[in-house]
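Here are my notes for a colleague coming to this structure for the first time. Please read them with the model open.

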Amino acid sequence: MKIFRGFNHPGVASACALTIGNFDGVHRGHQAMLALLNSEAAHRGVESCVLTFEPHPRDYFAGAHNKPDLAPARIGTLRDKLTELARCGVQQTVVLPFDAKLAAQSPDAFIDEVLVRGLGARYVLVGDDFRFGRQRAGDYSMLDTAGQAKGFDVARMNSYEVHGLRVSSSAVRQALAAGDMEAAARLLGRPYTISGHVVHGRKLGRELGATAAGAGNGFRTLNLRFAHWKPAASGIFAVLVHGLGDTPLPGVANLGVRPSLDPSDVNGGRVLLETHCLQWPTDLGPEGAYGKIVRVELLHKLHDELKYDGLDALTVGIAKDCADARAYFASAKAPNHTETRRQTTRDRI
C-alpha cells in the first residue's frame, strides 16, 4: 500500500475509487466498506484509496476550544490504522493533516480541491452519517449532486450490524473502556492489537523481583509508546506478543500512565504499553528487543491500573498479575497461541 502525507505528490494515483473517514480501529464495518471499495476500484480499473485525517477532527476541535473532553478516546495508533488498511487490500492511503485551513474549507471547495483535483476521484463511497466541510455543512445529497456535475459516482453504505448491534468506532471504544476484550474482538473481527517500536525506559522492571541467583532477571518489559494521550483501553492485560520469534509469546501488560512511578521517569507523562513476557526469549539477550517492531494482542483484562505504595508493593502486584495471566493462558478461555496469526509483512509497515 502506498502512503502519502497530503496529496501533492507525484506518486499519487491520477484516478481512484475513494472512501473518506477516520477509520479508528478499522472495525468490521470499515472492513465491509473497504471490500466494496476494492471491488468498485477493480471494476473501474483505478486504484482503491482511503482519505483519512491526522489528527482526528474532534481532537483538533477539542484543542482549538480548549475542551479536552471533546476528544474521542483513540482505539489505535496511525501505524496500526495503516497496517489494517493495507491488510484489507487498500492500494493507496492519503493522510491529510486536519488543521485550521481544512476546518474552514467549504464543502464545495473540499470537493473541487481535494476530491476532484487532488485525488482524481471517479467513485466516492461514504458512510450513512458522513458530513464534511466547514461546520459539517456538506452531506450525502450535496456530494451526490456534485458527483453528477463533475463526473464521479457517489454511493452510500448503510450501518453494518453484528447480532443486531451496529458496529462503530464508538461501540469499540465502549467495549474497550469496559474491559470487555471479547466484545471488542467481535466488533473488530480480530483481537485488539497495539504495535510499535520497542523503546528504552528506566529499566526498573529488571530490578523488581530480581533473584540472588540471577540479578537483573526481574520483570523486564517491552515498552511501546501509544501516540495519543487518551487510549480507549487502559489497565492490566493478559497478552500475546508477536515479532520476537516464530511463536507468539504470552505475557502481561500495563497500558496507561504508570501511577506508581514518579515524574522523573524517562517516559513520564506518556501513555505506554509495558509488556512483560512470561518467558523471555533467551536468544535475544537483555538488550535484543530494542528497536524491533512488535505487535501485542490484548486478550483479557485483569484489572485497572493501580497505584502501589512503594516498589515492594509494586513488585508483589506485578507478581500476582503474572500469576493471573498464567492462569488465564492455562484456562479454556485463552486462545491456543501456537495457532494464532504468525507475524507477517503487516507487522513491518
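1. Lys 320 and Asp 324 sit four residues apart in helix H10 (residues 311-330), about one turn of the helix. Helices here are DSSP runs of H or I with at least four residues, strands are E runs of at least two, and both are numbered from the N terminus. The two side chains meet in a salt bridge, 2.8 Å from N to O. That term means a side-chain nitrogen of Lys or Arg within 4 Å of a carboxyl oxygen of Asp or Glu. Lys 320 is exposed at 52% relative accessibility, while Asp 324 is partly exposed at 27%. The cut-offs are under 20% relative accessible area for buried, over 50% for exposed and in between for partly exposed, with a 1.4 Å probe and protein chains only.

2. Some ground rules. This is a predicted model, in which local features need pLDDT of at least 70 and side-chain atom pairs count only at pLDDT 80 or more, while totals for chains, interfaces and linings use all residues. Residues are numbered from 1 along each chain as its sequence is written, and side-chain values use heavy atoms, with hydrogens and water left out.

3. How many salt bridges does the rule give? The count is 14. One of them joins Asp 153 to Arg 44, with the closest N and O atoms 2.8 Å apart. This pair links distant parts of the chain: Asp 153 is in strand S6 (residues 153-157) and Arg 44 in helix H1 (residues 28-44), 109 residues apart. Asp 153 is partly exposed at 41%. Arg 44 is also partly exposed, at 28%. Glu 40 joins Arg 44 and Asp 153 in a network of salt bridges.

4. Arg 87 and Glu 84 form another salt bridge, their closest N and O atoms 2.8 Å apart. They are separated by about one helical turn, because they lie three residues apart in helix H3 (residues 78-87). Is Glu 84 buried or exposed? Glu 84 counts as buried, at 5% relative accessibility. Arg 87 is partly exposed, at 39%.

5. Next, the largest pocket. Its volume is about 1200 Å³. Of its 42 lining residues, the closest to the centre are Gly 21, Asn 22, Asp 129, Phe 130 and Arg 136. A pocket is an open set of points on a 1 Å grid over the protein atoms alone, where a 1.4 Å probe fits, with protein on both sides within 12 Å along at least five of seven lines; lining residues have an atom within 4 Å of a point. H1, H2, helix H4 (100-103) and helix H7 (169-177) each supply at least two lining residues. H2 gives the most, with four.

6. Asp 59 is in helix H2 (residues 57-64). Asp 59 is buried, with a relative accessible area of 14%. Leaving aside residues up to four places away in sequence, Asp 59 touches Ala 71, Pro 72, Arg 74 and His 228. Contact means heavy atoms within 4.5 Å.

7. Which residues of helix H6 (residues 140-150) are buried? They are Tyr 140, Leu 143, Ala 146 and Gly 147. These lie on the same side of H6, because they cover an arc of only 125° around the axis. The arc is taken over directions from the helix axis to the C-beta atoms. On the other side, Thr 145, Gln 148 and Ala 149 are exposed. Gly 151 follows H6, with a positive phi near 90°.

Definitions and conventions. Grid points are joined across faces, edges and corners, and a volume is the space filled by probe spheres set on the points.
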